[in-house]
Amino acid sequence: MEQQQDFVQIRNAQKAFGSLEVLKDISLTVARGQIVAIIGPSGSGKSTLLRAVNDLDPLTGGEVWLDGVQVNKSLHYRKYEKHINEMRQHIGMVFQHFNLFPHMTARENVTMAPKLLKGLSAEGADALAEEQLDKVGMLDRIDYYPSQLSGGQKQRVAIARALAMKPKLMLFDEATSALDPELVDEVNLVMKKLAEEHMTMIIVTHEMDFAAAVCDRVLFMDQGVVVEEGPPEVIFRNPEKERTRAFLRKHLENAR
Amino acid sequence: MGLDFTVIPGYLDIVLLGGLWTVGITVAAALLSFFGGIVFAVIALYAPWIIRQPFRLIEWVFMGTPLLLQLFLIYFGLVQIGIDLPAFVAGVIGLGLHFAVYNSELIQTAILSVDKGQMEAARTVGLSRVQALRKVVVPQAVRAVIPPIGNNMIALLKDSALVSVIGVSELTLSAQRAIGATYRPFEFYLLAAALYYVINLCMEAVQRRIERRIAISR
Amino acid sequence: MDVDLMLRVYPFFLEAAWVTIQLSVLTALLGLACGSLGAAARLSRFALARFLGAAYVSVFRGTPALIQLFILYFGGPQVGIQLDAFEAGVIGLGVNVGAYMTETIRGAIISIEKGQREAARTLGLSRWQAMRNVILPQAARMMVRPLGVNLNMLIKSTALVAAISVIELTYTAQRYIGSTYKPFEMFLLAGVLYMIIIYATGRGVAWLDRKVRIV
C-alpha cells in the first residue's frame, strides 16, 4: 500500500527567482491512478509546481520522485540530459497554448516522438496515430495542419500527442484557459475519459466544476504554499481556511 | 616577411589625422543624409505625381546599385558637366545622397505610421497641411525613426572608407600612405580597422544616449 | 548620351557582370556557412563559444569591409596567406557577410516561441533533437526573407573588389570612365546590370519564401 501511495512524490519543493520565492517548501504525494487538481490565484505558484514535476522549470530546492526514481537528480550535464529525456517519455504534458508543431500535420505531431525515440516503423506509427487521434475524436482531421484547426481541436491533438508516448503520468497546465467557452467541453470530455481509464493526472485549472466532477483531491495554493487540500466536496463546499473561502467567493463572483 | 608593429608610432600622427578626417566626413555626410532624407521622404509622399515619379526612379537606382559605383558617377560625372569639385566634397555628397535615400525610406514608413488621428486633430485646430506636417507629424515620425537612422549613420562611417578610392585623404588613404613608406600593409590596415572600430563604439554610445533621451520625453 | 559608345562596350560589361554573379554566389555560400557557424556559436551552452561568436559579429560588422579585404589581400602574405584577388574577394566578403548572417540566423532561431522548445523537450526529445526536428525547420522558413536582405547587401558589396583589381562590373565601369570620359553612360551600363541581378535575386528569394511558408 505504501508503494502505491508514493507513485508521485514531491518533497520540500522550493523555487526561487533570485530573492523572489515562488514555491515555499511544498510536499505532495499522488497515488497511481489518482487525479489531483491544483487551484489558486495567478502568481500562487501552481504552474511552477506543475512544471517542476517534469523538471521543465527545475526546483532550487527539494526533490521530485516518480515511481521510485528521482526526476530532478543532480547529475553531470551529459548524464543528466540522458536521464531527464528518458524520464520525460513517461510524463505527458499538455500546455495552455497547445504548442503544436505548426510545420507538421496532426498525424506527424503525434508520431514524431514515438518514431524518433522508440524507433517505431512507418506502419506502426500510422497505426498509433490513428489510434490516438481516434481516441480524442480527431481521426477525420488526421492530415490537417494546426493552422487549419480550431482551439479545441488543437488541444485534443496535443493530448493525443502526449498520450502517444504511453506516459505513466499526465500533467495539464490550464489546458482550457486559452479556449473559447464553446470549445472547452470537447477537451474536458477527453480528460474525463482519461480519468475513467485511471490515468494518473495532475491538473492545474480554473474550472472548479470540472475539477469537482473529475478529481479525487484538490489542492488550493496561494503565494507559494499549499493552503488547504482535501476531497472536492470538502474544498468546494465547506473549506476550512478563510483564504480558501475568499478565493472561491471571488471566483464565483467573477464567473457570474 | 612577418609582422613588425614598431613601425606604427612613426606614422601614427598621419593615420590619426586621417581618422579625424573620417569623423569629419562622416558627420558632414550624416547631416546631409538626415536632412536630405526628410526632404526626399516628404517629396515621395506628398509631391505631385510629375515630381514624385522621377524621384522614385532615382531612389530605386540609388538603392539598387553599389555605393562605389555611385561615387564614381558623382565624382567623374560632375567634372563632365563642368563642376570640378574636390574629391572630399564629391565624397560627402555621394555618401550623403546614398544614405539620404535609405533614410527617406525609413522616414516614409515612420510618417505613415504616425497615427492618422494626429493629422486630423492638427487640421481641426486650424493648421494647414504643411503646418500640420511640420509641427505635428514629422517631429513624431523623426522621434520614432532615430534608432534605425542611427544604424544607417554607423553604416555610413564604414562606407566612408570607400571615398579613399576617389582619393580623399581620410583614414584608409592615410593608412595607405604609411604603407607606401613602410611596406607593412598588415600592421597599418589593422591599425585603421582598430580606429574605425573605436569610432564605431563611440557612435554607438552616442546613439544609445540619444535613444534614452528620446524615451524620457515620450 | 553616347549610345554608340555604349553599344560598342557593353559586351565587356556583360562579361564583368558574369564575374559579379560568380562572386555573389560563392560569397553567399561562404557567408551562409560562416553565418551558421556563428549562430551555432552564439547559441552554444559553452561560454567561450558564445564569446567568440559575439566577438566575430562585433569585429566584422564594426569595421569596414574594404579594410577587411585589404588586410586579407595585401597583408595576408606577411602572415603566410597568398591569395589572388578573386579568392581574397570571396573569402574576405564571405566572412564579412557571414557576420551579418549570423545575426539573421540567430534572430530567426530565437524568434521561435519558447513553447515549441518546451513541447519538444517534454516529449523526451534531447536538446539537439528538438533543435533539428522542431526549431530549425520553423526557423529556416522564417529566415528566407531577411537572408534575402543580406544577399542584396552582399551583391552590392562585391563592388569593393574593384579596389583590389578584380575585373567585375564596378572595376569595368571605372576603367571605361577613365578611357572614354563618359561617366554617365558607363554608370548606366553597370547600373542597369546590377539592378537586373538584384531584381532577379529578389524575385528568387520571394519565390523561395512563398514556397516554404507553413501551410
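I began with strand β7 (residues 169-173) of chain A, which pairs with β8(A) in the parallel sense over five bridges. I am working from a predicted model. Within that pairing I found L171(A) opposite I202(A).

Is β8(A) buried or exposed? I checked strand β8 (residues 200-204) of chain A and found five of the five residues buried, so the strand is largely enclosed by the rest of the structure. I noted T200(A), I202(A) and V204(A) buried on one side, and M201(A) and I203(A) buried on the other.

Next I turned to the rings. My search over all chains gave 15 aromatic pairs. One is F72(B) with F76(B), tilted, at 6.1 Å centre to centre and 40° between the planes. I place both in helix α3 (residues 67-81) of chain B, four residues apart, about one turn. F72(B) has 1% relative accessibility and therefore counts as buried, whereas F76(B), at 30%, counts as partly exposed.

I then took Y56(C) and F60(C), a tilted pair at 5.3 Å centre to centre and 55° between the planes. Because they are four residues apart in helix α2 (residues 47-62) of chain C, about one helical turn separates them. Y56(C) is buried at 17%; F60(C), at 25%, is partly exposed.

I logged a cluster of Y189(B), F70(C), Y73(C) and F74(C), linked by ring pairs. Last, I noted R161(A) over the face of F101(A), 4.5 Å from the ring centre, and R175(C) over the face of Y176(C), at 5.0 Å.

Key
Residues are numbered from 1 along each chain as its sequence is written. Chains are lettered from A and ligands numbered from 1 in the order in which they are written. This is a predicted model: local features need pLDDT of at least 70, side-chain atom pairs count only at pLDDT 80 or more; totals for chains, interfaces and linings use all residues. Side-chain values use heavy atoms; hydrogens and water are left out. Buried means under 20% relative accessible area, exposed over 50%, partly exposed in between (1.4 Å probe, protein chains only). Helices (H or I, at least four residues) and strands (E, at least two) are DSSP runs, numbered from the N terminus. Two strands pair if DSSP finds at least two bridges between them. Rings of Phe, Tyr and Trp (its six-membered ring) pair if their centres lie within 6.5 Å; planes under 30 degrees apart count as stacked, over 60 as edge-to-face and the rest as tilted. A charge sits over a ring if NZ of Lys or CZ of Arg is within 6 Å of the ring centre and within 35 degrees of the ring normal.
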